[in-house]
There are 2 protein chains.
Amino acid sequence: MKRMAEVGWRSRAAKVLPRGMYGHQAVQGLPSNYPQFYSRAEGCKVWDLDGKEYIDLLCGYGPNILGYGDQVVEEAAAEQAKERDTATGPATVMVELAEKLVSLTPGADWAMFAKNGNDSTQLAVTIARAATGRKKVLVQPQGYHGASPVWTPGRPGVLASDHAHQVGYVYNQLSSLMEAATSCEDDLAAVIVSAFDYRYSRNLELPTEEFAKGVRDLCDRTGALLIVDDVRAGFRLGLGGSWHALHGIEADLICYSKAISNGHALSALVGSKRCRDHGAEKVFATGSFWFSSAAQAAALATIVQLEKRNAIEQMMTSGRLLTEGLRSQAQSLGLEVIISGPPTMPFLTFVGDTPMDRPRAATFCETACRHGVLLHPHHNWFVSLAHTSIEVELCLAATQKAMMEVKRVHYG
Amino acid sequence: MKRMAEVGWRSRAAKVLPRGMYGHQAVQGLPSNYPQFYSRAEGCKVWDLDGKEYIDLLCGYGPNILGYGDQVVEEAAAEQAKERDTATGPATVMVELAEKLVSLTPGADWAMFAKNGNDSTQLAVTIARAATGRKKVLVQPQGYHGASPVWTPGRPGVLASDHAHQVGYVYNQLSSLMEAATSCEDDLAAVIVSAFDYRYSRNLELPTEEFAKGVRDLCDRTGALLIVDDVRAGFRLGLGGSWHALHGIEADLICYSKAISNGHALSALVGSKRCRDHGAEKVFATGSFWFSSAAQAAALATIVQLEKRNAIEQMMTSGRLLTEGLRSQAQSLGLEVIISGPPTMPFLTFVGDTPMDRPRAATFCETACRHGVLLHPHHNWFVSLAHTSIEVELCLAATQKAMMEVKRVHYG
């Protein structure tokens, strides 16, 4: 009588939710032992409906950065909500949060808030077009900047016109960027870059210094604006923007979401003076819950805690412990693996698997899941501050078994 | 030393927020005595930073339906958040909420959740295009379906290509709809309609039965899908969709947000079987916080409370008391006014004012605000369940003074 609750809820879900579940939290692409539903989350752990406990290295696909249910953040949000949350005008915490982001971000002048990462990436493009009076935007095909049709070419219901005036480039390939820019002539409004290259199921690639500086130079030379999509990576590489942490680059527009409020629904756009008067001050931007205070209070508390608890360094240490452990496990078993990405957002693939077909990774993740650790065979993982060396060691105990299972099944 | 706190915070906001505040909650278009910030909200009241209390007939521009900080809803949200909110998979409350919406909505088969009203309107169009394999969508120009470029032609940074394959019609004018449909030939994917015509600063217009039935017939005849944008009106005309409440129409896709969670950030899309297999089951739709549980628990509690407390009827009664009071005040002073919209979302204009220039309404609203009642000269108002006859009488005491001031200033 295993997993009775999970089975029952999946069957109810199948009736009233498309495909039983949609989007990035649907488990269809994951090994069959992954739970679709979780009843509880705390620190770096989650529990499924049948009471099984997992160390969660997916962190809600990013939002969990201090630990699920972090007490300081939850108290800040609850206290704000007790006074007011969504009302007919904002609370002062909106100003404090904007001040905090501006003060943390080199080159920043203003901030705006929304709900989805997609809101901030789309708004960034609109602001860039308003500020420059130009149309073209350089984008990385198969890069991910949100779920709206603008960013998801080739999906059902999405039209070619949804990507009008977008021109593709190859991440970390400056020549392709220059070629794309040249094709735009005098009409280049912006270049949008992911904090790093995290195309689905591919090994992760950090931006090279040459590429990052080249993008900045291109923008300076042409008057285009540099948009860094920091929705996924924000606050896991640095607190003043990932490209500043990596290469000292000041972006014109930085898009945040996910980890900014430790799980509360919020996104932010932080911008430079250059795109304020004719950009941010001119565009139409609003949403029913964009001024809600509880999530803003949660964000302010999250950022203050990230500073106070020296979170980046702590998470980097845990991430390194994890990735070094994985590397040495693979090595001692003679398994060829590629561990990519920054230590706080690592990803592991097996040589021989391909992005479209990862049987070794599936075995690996399935086994880790059975032993109480949630990983992903196609998507980068996330380390939170709640993943201390104790939890990392527990993860490594599970991955050791998972590596052995890969060896047994695929090389036995 | 009036309004010291407000003045201080406005000056801080001016530094770090575009225009000091952006979007629909910016007070630039309102009389100068309106507060930009509110420190507290409870029931149907809000308090500004300097402690002044207001009866709020804007309800956060819609979200407040049971009363700010409704205890039952807040407890449901807090209890859920204590267990888990944003995690690596959804909680079971997501299924329960979908079941509830489907059971309440005639013709509904499934539900999806997102964060902004705009998410649900865009998703509805994408689903319609996927389900029909067609491109064209009939829209009401100057209708409002969200802040993204797709819905905001003519705004800075918005391109003509953002509205590719949209064809305009005139609300409540069936001939214009038919003409628009004919121009689409075999490529009509959907018709999107607002629950009623609430173009900014115009007198409100409910859909006529002829128009509503005509839209449904057109869709049935052509295989296009009927999308009702119920983001603003949802749950204030009926619990099974506004067009069903008004004219017994079953839509294919109903977009909800605003009042659905009594102020928590959530939107929903409720759809028919007709657009499930090839539409909702096929499209790519996701967001970092679309699976978060606390707002879903808040929505479930909100809807149950709306049913239990007989909210629609109660709000209608309060709304009628308000609008009849306003009408008789105007009449006895010899002021010509137009009171439009449903009783739960009324709007008042003065004959002689125009949509672009409403000096009488400005005097009216400024005076009401001075006497502690928040109205809007350009945007419809919202009645909540917390606006009982006591608060409506207090509102009417303020509007009596406001009407007299209009008479003195503009007809004195």
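1. Basis. The model is predicted, and local features need pLDDT of at least 70, side-chain atom pairs count only at pLDDT 80 or more, and totals for chains, interfaces and linings use all residues. Residues are numbered from 1 along each chain as its sequence is written, chains are lettered from A in the order in which they are written, and side-chain values use heavy atoms, without hydrogens and water.

2. Symmetry. Chain B superposes on chain A by a rotation of 180 degrees with 0.0 Å of shift along the axis, at an RMSD of 0.0 Å (least squares on the C-alpha atoms of residues with pLDDT of at least 70 in both copies). This is the relation of a two-fold axis. Both copies use the same surface, since 100% of the contact residues of chain B recur in chain A.

3. Extent of the interface. In contact are 91 residues of chain B and 92 residues of chain A (contact means heavy atoms within 4.5 Å). The two chains bury about 7,900 Å² between them, with 60% of it on carbon and sulfur atoms (buried area is the accessible area, 1.4 Å probe, lost by two parts on being put together, summed over both). On the side of chain B, the most area is lost to chain A by Tyr22(B), Thr88(B) and Phe284(B), together 10% of what that side buries.

4. One salt bridge joins the side chains of Arg12(A) and Glu99(B), at 2.7 Å from N to O.

5. Elements involved. Several elements of chain B each supply at least two residues of the side that touches chain A, among them helix H1 (4–16), helix H3 (93–104) and helix H4 (117–132) (helices, H or I, of at least four residues and strands, E, of at least two are DSSP runs, numbered from the N terminus).

6. Positive phi. Cys59(A), a residue other than glycine, has a positive phi near 55 degrees. Cys59(A) sits in the loop between strand E3 (53–56) and helix H2 (71–83) of chain A, and is buried at a relative accessible area of 0% (buried means under 20% relative accessible area, exposed over 50%, partly exposed in between; 1.4 Å probe, protein chains only). In chain B, Asn172(B) has a positive phi near 65 degrees. Asn172(B) lies in the loop between strand E6 (166–168) and helix H5 (174–183), and counts as buried at 16% relative accessibility.

Conventions:
Salt bridge = Lys/Arg side-chain N within 4 Å of Asp/Glu carboxyl O.
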